Amino acid sequence: MIRLGVLATTALVLAASPALAEQKTIKIGFISTFSGPTAAIGNDMRNAFELGLDHLGRKLGGLPVEVIYEDDTQKPDVGVQKTQKLIESDHVDFIAGYIWSNVLLASLKPLVDSKTITVVTNAGASAFAGERCSPYVFSTSWQNDQTPEAMGMYMNQKGVKSVFLIGPNYAAGRDMLAGLKITYKGQVLGEEYTRWPDQLDFSTELSKARASGAESIFVFYPGGAGVQFITQYVQSGLKGQIPLYQGFTIDELSIPRLKDMALGIPGTQEWVNDLPNEANKKFVADYIAKYKLRPSYYGAQTYDAVSLLNSAVLAVNGDLSNKEGMRKAMEKADFKSVRGNFKFGNNHIPIQNFYLQDVVKQGDDYVLKTVATIVENDQDRFHDRCPMKLGE
Amino acid sequence: MTASLDPTLVARPSLAFTPRTAFTAALLVILALFPLYSLVTGNTFVLTLFTRVLILAIGAVSLNLIMGYGGMVSFGHAAYLGIGGYAVGILAKEGIGSGFVQWPVAVAASALYALVVGALSLRTRGVYFIMITLAFAQMIYYVAIGLDRYGGDDGLTIYKRSDFAGLIDLNNKTLFYYLCFAILLASIYLISRLVNSRFGLAIRGTRSNERRMRAIGFPTVRYKLAAFVIAGALCGLAGALLANHTNFISPALMHWTRSGDLIVMVVLGGLGSLFGPVIGAVTFLLLQEGLSRFTEYPDLILGPILLLVAIYVHGGIGGLLEGRRGG
Amino acid sequence: MCTAASAVCLKGGVVASALLQTERLTRRFGGVVAADRIALDIAPNEVHAVIGPNGAGKTTLIGLLSGEIAPQEGSIRFDGADITRLPVYRRSQLGLARSFQITSLFRDFTALDNVALAVQAHCGHSFRFWRDARYEDELRKPAFAALERVGLKERAAVRVDKLSHGEHRQLEIAMALATGPRLLLLDEPMAGMGPEESARMVRMLRELKGNVTILLIEHDMEAVFALADRLTVLVYGRIIASGEPEAIRADAAVRQAYLGEKESAGEGKRHG
Amino acid sequence: MLYFIEQCLNGVQLGMLLFLLAAGLTLVFGIMDLVNLAHGSLYMLGAYFAATFAVLTGSFVIALIGALLASLIAGMVLEVIAIRPLYRRDHLDHVLGTFGLILFFNELVRLVWGPEGRTLSLPPEMLTAVQILPGVYYPIYRLVIILATLAVAAGLYVVVMRTRLGMLIRAGASNREMVGALGINIKLLYTLVFGLGAALAAFAGVMQAPILTVQIGMGENILILAFVVIIIGGIGSIRGAFVAALIVGLIDTVGRAFLPDLLRHVLSTNAAQTLGPSLSSMSIYMLMAAILVFRPEGLFPAASR
């Protein structure tokens, strides 16, 4: 019986291998996390990507689109394999997605080697913004350091004297805490990195924060871990004593689980769902209408990716072999972004505003609101390590 | 080599046309032809996938030497994949790209680790041995996570594959595939010689009845240790191949579930049979890959299959093909 | 004729000629003394039987001599050399071969492979990785010869688990013989044998007599008196008598021990 | 000093969770001689059951009780269907079979509860900290975990030491054949013990759910820790499991708390930051290896095997 299984599966692998796809439909590979505690992020991205395609009549530059979603299970090694599969087996024209900086860094080589035009919709590893920038790889999000840098500025404004930093021990975690230290002028009384992603008990770190006597805590925990951290922060009775400042730890995905616990914990972001521009209003309204959920910045960044790819295909009117043409077109960032229009830096990372956001309660509903603009047209500090120049 | 003895006295490996030999032969032919297939269809991923299968098969073959023939159940065998892989990765990052350096270092490092671990672990028996090998593998796993300079938990990208001074270009997927295939066959041949040599009989005897082995005058531990080291070195080579294959290494390579995978492959294919590990590796990985193509919940099927094999089948699939059943 | 008392006097004279000699050999398990200051000496080429009721410590004695059990006191000298602290395999290499009371063979090997392993153990180290050992005359010939001696020639190619119990016992002997031992420690070779099987075994052992020294532990008194040159009687780990068969037959203490077998058998259950 | 106490409490709390997991594991291991990698899956199931019942009833306590019962039954059913046939086989087949069970249960949970994972929220009064010593605040809920687990440990002690079932369990752990010889219905005993182990694992899963997580694969990392615990403690020994669990919990937490700072004296901050956590994780396995080398039977050998 097993033997039959083997033969059957072998046959399947043989069967599942299309001869070189001729360019009638555009194939897009989408890599994100669709299982495990961070699956919610992947779903938000997929929803937004689907919505974006709907808005374009499921066509890019007039060509029908087929999307292949792959689950990186949040593991770098799996991410590489899925990336290779998309390139070598599905022969996709574009690849989009990537939540995790470490998954992106692991997958970057096959992407660059194969010259696959890629739109990264979240991960913002510093190396990828700097020396490892690539002509065919674009980002619709940010470089990791930018968001916490904005938070650092805000904490300066508030005159916060000292801070204790806590984050996960992986590429993004290290970037985030480094970012805050760049702009924050007060004292950094401690810096803790936890095992990622399997360490979910932060009691040790919280005790340390308390003992450090710091006036504030800054934290970065995306996805489910964020919920765990906030919960334990509240349980440990610190909320009343040491105010918390966060990046990517509280978002539309975690608020429904955190409810009151999330109130009064400020964060910074390049996009908030109430940004007053037409593209955004349409995006948020249609998203809520279609999915009965609020989109998060993960979704927003991914929604922009659709528009960006569309602009590329339009510019070369469907000739996907003309990668140079598409690259030049994309560098213009010539589309209506839901964060308001922006320009790309030489490293293909957006130059954009960052806003202060806060959680407010509307009836039984909890939403994020833009409080203020912290910094305008901020460019990441790694772009000068990237040899590329725009329009060349 | 000798005619002086009645030939019936030596159990010659039967070349009879059993389902098992037929299956093995068919499998080898298929494996040998894959590059051709992917050339025709232009689907290079199948090649990538099967290169991975071959490499892990080498790991399984090495585990089979100590587990199947030596009776040493190591629950930490993935550590060697990691050590071999990191040897290549670290040297590459430090600018030493030559395979003539990287691969020997990978093998030597693994052998050395095996020597230390074996020397300590072989004082224990049975389940304690399983657990102590696991413990050491976990240590190495966390060491890798702690290697800040080499990516820590995020792993390390390898920008250039091992360079063999133009002798063989590992960037050529087909060539690399056949290299792995050759190494796999070579290691199987090596082990086929090993297990029937005096050394092989010594470790097989030890597996069968260690007390008696000592009673008739064998210092069993040193033979077990030697086997342990050989297996480690071979798996280290597999690790070096794997690093070159994925161009990326991370501690995940050494996670205990990887060691579990290797054990599953060996037991699935049939303990202590030459080609069992290959059958096991191919089956296991194809089941994973294949099942996920026609169901969204592959492990819902794979899991019970493993359980059933554990309960009802003696000698894994190999045994099944010979009609051997459990009891 | 030599009693426990006069064993001391042996020290001077007979030592040189004794192949194996133990002094004050003692081993306790918890409260139980399984071997109590045992002084034993075995002359070259004699068949020396050790008898005694269950739980007398016979198997412990074998364990001590073969090295599987470490003594708490006393010493063992083999051919003049002190082997008290040597590991099992070293003693075997010195020529101390043993058979097991409960058959202990390589069940998934053929009879010949079993014996061949024993031979292999005694011709140099086994770090030979390439040549197929199943075709080496150097190993096969002596192994085959040993099987012949115990009358298992025809069964050479049969897997052990296919052999009968009696054949297992014979194979045990063959494996011990194959290594060309200087001293055979036979732990109840007739255990669980039918009358004609044991008869064959006795015949076989008698053929060995004179060429190899044997320390025989056996319950079957018929066999013992048929084979042994000297007997030593063990009760509660202590030697109560030692000497020629006739003397032992006559010895009152021995009678007593065997009449008292019943409760000491009960004892045996606990610390045998 | 106060800070140190606080960290030790954290360690104790982790140790307690480990004990719940290890107790069942060590019994199953000691009595049935079964290497059960799927024990972590029962821990996971317990948490998911609780999360579901909590949604249905809105009460944490009811959810807990429901989860315990559900897991007890699930465990016994699992034993009868899948585990019992494994007893005859060797440890290797145990590893293969129960490894298969891990895959199965992870997938099953994904099928039934979806991939995202669940939250088990606490009653609000649990969301604060109390001052246990002047200057030492400690989350109420973590105290609850410690106390509840201590209660369970005590209960377990009574059952094992004072009841007939416990007598059989102890006998089984030290000498399996003997229990068989006593003409006890061994099958039933095994099923009961396995169910008990499942319930204990579930209890651990439920208790940690509100602070940690309810997600697929949550059992796998902690399972290995549980194995470390029972090896250190001595297979089959509840007392050993208890002591060893505390040791492991303390080493892990205190190590995480103090190692990075110590390392910072010898290493660059970055290196120290990365090395610190992994070093403290390693130290646990070093301890286990050391125990296995020098005292293979563990700290409290229950069996003479």
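Colleague: Which residues of α2(B) meet which residues of α9(B)?

Modeller: Leu56(B), Gly59(B), Ala60(B), Leu63(B), Asn64(B), Met67(B) and Gly68(B) in α2(B) meet Leu262(B), Met265(B) and Val266(B) in α9(B), where contact means C-beta atoms, placed from the backbone, within 7 Å. By class, this contact has seven nonpolar, three polar and no charged residues, with Ala, Val, Leu, Ile, Met, Phe, Trp, Tyr, Cys and Pro counted as nonpolar, Asp, Glu, Lys and Arg as charged, and the others, Gly among them, as polar. This is a predicted model, in which local features need pLDDT of at least 70 and side-chain atom pairs count only at pLDDT 80 or more, while totals for chains, interfaces and linings use all residues. Residues are numbered from 1 along each chain as its sequence is written, and chains are lettered from A and ligands numbered from 1 in the order in which they are written.

Colleague: At what angle do helix α2 and helix α9 of chain B pack?

Modeller: Two packed helices are described by the angle between their axes and the distance between the axes. Here helix α2 (residues 44-69) of chain B and helix α9 (residues 256-269) of chain B pack at about 75 degrees, their axes 9 Å apart, helices being DSSP runs (H or I, at least four residues) numbered from the N terminus, and axes being lines fitted to C-alpha atoms over the stretch in contact, with angles from 0 to 180 degrees between N-to-C directions. That makes α2(B) roughly perpendicular to α9(B), a term for angles of 65 to 115 degrees.

Colleague: Is Gly82(B) buried or exposed?

Modeller: Gly82(B), which lies in helix α3 (residues 78-93) of chain B, is buried, with 30 other C-beta atoms within 10 Å (20 or more count as buried, 12 or fewer as exposed).

Notes:
Helices (H or I, at least four residues) and strands (E, at least two) are DSSP runs, numbered from the N terminus. Angles under 35 degrees count as roughly parallel, over 145 as roughly antiparallel, 65 to 115 as roughly perpendicular and the rest as oblique. Two residues are in contact if their C-beta atoms, placed from the backbone, lie within 7 Å.
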